[in-house]
Amino acid sequence: MFDSGFGSSTLALALVGSAVTVLSTSLGAVPALAMGGISQRTKDVLMGFSAGVMLAATAFSLVVPAIHLAEERTTSRFVPALVVGGSMLVGGLFLHLCNRFIPHEHFIKGQEGNAQAANLKRIWLFVLAIALHNFPEGLAVGTGVGSRSMTIAVPILVGIGLQDIPEGFVVALALMGVAYSRKQAVLVALYTGLVEGAAALVGFFATSFASGVLPWALAFAGGSMLYVVSDEMIPESHRQEYAKEATAGLMVGFVLMMFLDVTLS
């Protein structure tokens, strides 16, 4: 299942992965320029779809490969479960601490983080909030490529790129809905995409030059994504009366990502 390497194309694929994460969010924001808005039902379905893709990516593209890699390093059944479970919890804790201490603002929940939030322009608080949301996705792409395994890297790259498009669309519309211009909405999508691309490079270099940390890194990225899905995406998509539609979107996204993982690996 795990290939020995990509040879000279490894860094190129890492750069492609970073570019995909940067461009997908921005690409999703572009159609919003020509639209006055979409229904809340559609927003919730798209958010649910993105959550489903991230859930499946966490399970099939990150956690399962992390367990297999950890099992290759020991004959114990206990150690791989401990390593992966612990790394997932650390990833979730990392996102929790980021949410607690980095000033940012959500469209619905309002401001979070420390008191410095009051000293920043509101649009930068939105940028930080979305960047915190996107960081685990970029990290997942980077660790996948850093694994030097096509069976790990390709489904993650395709799945995250796929879910970034509706996510960027919804974010752009939400920004325009709180009185920001179309130009500002697209720029925010670009900025947050750059953060995701940078996270992809961090994940790649961390795992590429220290391959022994790969099981931990994959599980850490999975735990971070699981935190984002549970803390933000599902509550966001279920806050109004379209919870069933959002759940349908989540299930479609989950199945699609599972399909991609099986067929591309």
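Predicted model: local features only at pLDDT ≥ 70, side-chain atom pairs only at ≥ 80, totals over all residues.

Residues are numbered from 1 along each chain as its sequence is written, and side-chain values use heavy atoms, with hydrogens and water left out.

**Overall fold**

- The protein chain contains eight helices and two strands, where helices (H or I, at least four residues) and strands (E, at least two) are DSSP runs numbered from the N terminus.
- Along the sequence these elements follow the pattern α-α-α-β-β-α-α-α-α-α.
- Of the 265 residues in the protein chain, 50% count as buried; buried means under 20% relative accessible area, exposed over 50%, and partly exposed in between, with a 1.4 Å probe and protein chains only.
- Among contacts (heavy atoms within 4.5 Å) between residues at least 6 apart in sequence, 82% join residues at least 24 apart.

**Nonpolar cores**

- The largest nonpolar core has 34 residues, and those with the most contacts inside it are Leu62, Ile156, Leu218, Met225 and Met233; such a core is a set of buried Ala, Val, Leu, Ile, Met, Phe, Trp, Tyr and Cys residues joined through side-chain atoms within 4.5 Å.
- Two or more residues of this core are given by each of α2 (40–71), α3 (78–101), α4 (122–146), α5 (150–177), α7 (214–237) and α8 (243–264), and the largest share, 11 residues, comes from α2.
- Leaving aside neighbours within four places in sequence, Leu62 is in contact with Ala57, Ala140, Thr143, Ile156, Leu218, Ala221, Gly222 and Met225.
- A second, separate core of 15 residues includes Leu173, Tyr180, Ala185 and Ala189.

**Helix packing**

- Helices α3 and α7 pack at an angle of about 50 degrees with their axes 7 Å apart; axes are lines fitted to C-alpha atoms, for helices over the stretch in contact, and angles run from 0 to 180 degrees between N-to-C directions.
- The two helices α3 and α7 are therefore oblique to each other, on a scale where angles under 35 degrees count as roughly parallel, over 145 as roughly antiparallel, 65 to 115 as roughly perpendicular and the rest as oblique.
- The crossing of α3 and α7 is right-handed; a crossing is right-handed if the near helix is turned clockwise from the far one by less than a right angle, and left-handed if anticlockwise.
- Residues of α3 that meet α7 include Val83, Val84, Ser87, Met88 and Phe94, and the residues on the α7 side include Trp216, Ala219, Phe220, Tyr227 and Glu232.
- Helices α2 and α7 pack at an angle of about 160 degrees, with their axes 8 Å apart, and are therefore roughly antiparallel to each other, in a crossing that is left-handed.

**Two buried residues**

- Ser87, which lies in helix α3, counts as buried at 8% relative accessibility, and apart from neighbours within four places in sequence Ser87 is in contact with Trp216, Ala219 and Phe220.
- Ala246, which lies in helix α8, is buried with a relative accessible area of 0%.
- Not counting residues up to four places away in sequence, Ala246 touches Asp44, Val45, Gly48, Ser237 and His238; Ala246 and Val45 are 201 residues apart in sequence and 4.3 Å apart in space, C-alpha to C-alpha.

**Salt bridges**

- Side chains of opposite charge can pair when their charged atoms come close.
- The structure holds three salt bridges, each defined by a side-chain nitrogen of Lys or Arg within 4 Å of a carboxyl oxygen of Asp or Glu.
- Arg41 and Glu245 meet through their side chains in a salt bridge (3.3 Å, N to O), a pair that links distant parts of the chain, with Arg41 in helix α2 and Glu245 in helix α8, 204 residues apart.
- Arg41 counts as partly exposed at 40% relative accessibility, and Glu245 is partly exposed with a relative accessible area of 25%.
- The side chains of Glu71 and Arg77 form a salt bridge (3.4 Å, N to O), in which Glu71 is partly exposed at 27%, whereas Arg77 is exposed at 67%.
- The side chains of Glu236 and Arg239 also meet in a salt bridge (2.9 Å, N to O), where Glu236 counts as partly exposed at 24% relative accessibility and Arg239 as partly exposed at 32%.
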